[in-house]
Amino acid sequence: MSDQSLAKPSAEPSDAFDERMRAEAAAAGRAALETALLRFTHEQRNAFWNAIGLYYSSRRHPGAEESAAQAVAAPAA
């Protein structure tokens, strides 16, 4: 066999597959979380989501530095 016959296939299909798998896992996780939160009152669920929002807006979450760098790098609209 020649080296050309063993060439790697394009990475794009793999990236699309990985993205689809992440999206499916995120949707399944969100559905499981929503189901678990049904045992709480509407006010308690709102408080939970508010706390999540505060956590991510505080820039203490994993990836916060990356998000801040992207915001600085993005041109002002």
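How far apart are Arg22 and Glu19 in helix α1? They are three residues apart in this helix (residues 11-37), which separates them by about one helical turn. Welcome to a predicted model, where local features need pLDDT of at least 70, side-chain atom pairs count only at pLDDT 80 or more, and totals for chains, interfaces and linings use all residues. Residues are numbered from 1 along each chain as its sequence is written, and side-chain values use heavy atoms, with hydrogens and water left out.

**Salt bridges**

- The structure holds three salt bridges (a side-chain nitrogen of Lys or Arg within 4 Å of a carboxyl oxygen of Asp or Glu).
- Arg22 and Glu19 meet through their side chains at 3.0 Å, N to O.
- Arg20 pairs with Glu24 at 3.8 Å, N to O; both lie in helix α1, four residues apart.
- Glu34 bridges to Arg30, with the closest N and O atoms 3.2 Å apart, and these two also sit four residues apart in helix α1.

**Exposure**

- Arg22 is partly exposed at 49% relative accessible area (buried is under 20%, exposed over 50%, partly exposed in between, with a 1.4 Å probe and protein chains only).
- Glu34 is partly exposed too, at 28%, and Arg30 has 47%.

**A nonpolar patch**

- Ile52, Tyr55 and Tyr56 form a nonpolar surface patch with about 270 Å² of accessible area together.
- Patch residues have over 30% relative accessible area and no salt bridge; like charges are joined within 9 Å, and nonpolar side chains (Val, Leu, Ile, Met, Phe, Trp, Tyr) within 5 Å.
- Tyr55 belongs to helix α2 (residues 42-57) and is partly exposed, at 33%.
- Helices are DSSP runs (H or I, at least four residues), numbered from the N terminus.

Methods
Accessible areas come from the Shrake-Rupley method with a 1.4 Å probe; for residues, only the protein chains shown count as cover.
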